[in-house]
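Here are a few points to check as you look through the model. Keep the structure open while you read.

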Amino acid sequence: MNPQLIHPTIQKEFNMQTLVIVSHPYPEQSVAIKSLQQIAEQTADVTVRHLETLYQNDLARFDIAAEQKAHEAADRIVYLFPIHWFNLTPMLKAYLNQVWSYGWSFGPNGTALKDKEMQVVVTAGANALTYSEQGLIRSSMDEVLTPMKASAYYVGMKYNQPLAFYGAVGASPETLATFQAAFAERLQTPLGSVLLK
Ligand SMILES: Cc1cc2nc3c(=O)[nH]c(=O)nc-3n(C[C@H](O)[C@H](O)[C@H](O)COP(=O)(O)O)c2cc1C
């Protein structure tokens, strides 16, 4: 629901609903993503769905009706995953292929995601310098995440500045705590406040 459509006198009753879609191909080995998922699970008005926990690594088992319903109930949708070979996880890619279907998110009457906010949150083993024009990969994280940005705009979503946590392999408890604090803050930021410029 768009809070701007609500009369000011009842605005205070609006609770932004957030859906966090987590994907990690090896959940039992995850440290960084798991620590961020824990924050989401502790936050009010946040629903967490972990794809590999729900569907293992089976690219064809999604409960599409349930996933679409979860999206429809949310104002902001967070996609939380580790960067593996500068890409989305296989399950997240398959999920978009099947859940963001024709006639639902695009095509005739395909407006289910229109005006919702997309927030991408990733962990990466490399450091911030690597993800720069001067760095090894000569690409920024925003550029690596272009497919998410393009997909969001294609279906009429608003796209937030991605949140990237670098140096996530073997991160110390102190570093993980800073990741968690930044993620907690981003989860609570008001709608529209961190849109990509
Ligand atoms: C198969 C594989 C590919 C990876 N590719 C990248 C990569 O392209 N860029 C990068 O910065 N880190 C890469 N990493 C490191 C992961 O991003 C890192 O392990 C992860 O973000 C840490 O989160 P986790 O503890 O939840 O697994 C890769 C790791 C694996 C296992």
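This is a predicted model: local features need pLDDT of at least 70, side-chain atom pairs count only at pLDDT 80 or more; totals for chains, interfaces and linings use all residues.

1. Two packed helices are described by the angle between their axes and the distance between the axes. Here, α2 and α8 (residues 173-188) pack at an angle of about 40°, and their axes are 9 Å apart. The two helices are therefore oblique to each other. Their crossing is right-handed.

2. Which residues of α2 meet α8? They are A32, S35, L36, I39 and A40. On the α8 side, the partners are L176, F179, Q180, F183, A184 and L187. By class, this contact has 9 nonpolar, 2 polar and no charged residues.

3. Now turn to the ligand. It is surrounded by 17 residues, and the closest are S30, P82, T123, A124 and G125. Of the shell residues, 11 are nonpolar, 5 polar and 1 charged. Helix α2 gives the most to this shell, with 3 residues.

4. Look at D45. Its phi is positive, about 60°, although D45 is not a glycine. D45 sits in the loop between α2 (32-41) and β2 (46-50). Is D45 buried or partly exposed? It is partly exposed, because 13 other C-beta atoms lie within 10 Å.

5. F86 also deserves a look. F86 has a positive phi of about 55° and is not a glycine. Its place is the loop between β3 (76-82) and α5 (90-99). F86 has 14 C-beta neighbours inside 10 Å, so it counts as partly exposed.

Key:
Residues are numbered from 1 along each chain as its sequence is written. Helices (H or I, at least four residues) and strands (E, at least two) are DSSP runs, numbered from the N terminus. A residue is buried if 20 or more other C-beta atoms lie within 10 Å of its own, exposed if 12 or fewer, and partly exposed in between; C-beta atoms are placed from the backbone. A residue is near a molecule or strand if its C-beta atom, placed from the backbone, lies within 6 Å of it. Ala, Val, Leu, Ile, Met, Phe, Trp, Tyr, Cys and Pro count as nonpolar, Asp, Glu, Lys and Arg as charged, and the others, Gly among them, as polar. Axes are lines fitted to C-alpha atoms, for helices over the stretch in contact, and angles run from 0 to 180 degrees between N-to-C directions. Angles under 35 degrees count as roughly parallel, over 145 as roughly antiparallel, 65 to 115 as roughly perpendicular and the rest as oblique. A crossing is left-handed if the near helix is turned anticlockwise from the far one by less than a right angle, and right-handed if clockwise. Two residues are in contact if their C-beta atoms, placed from the backbone, lie within 7 Å.
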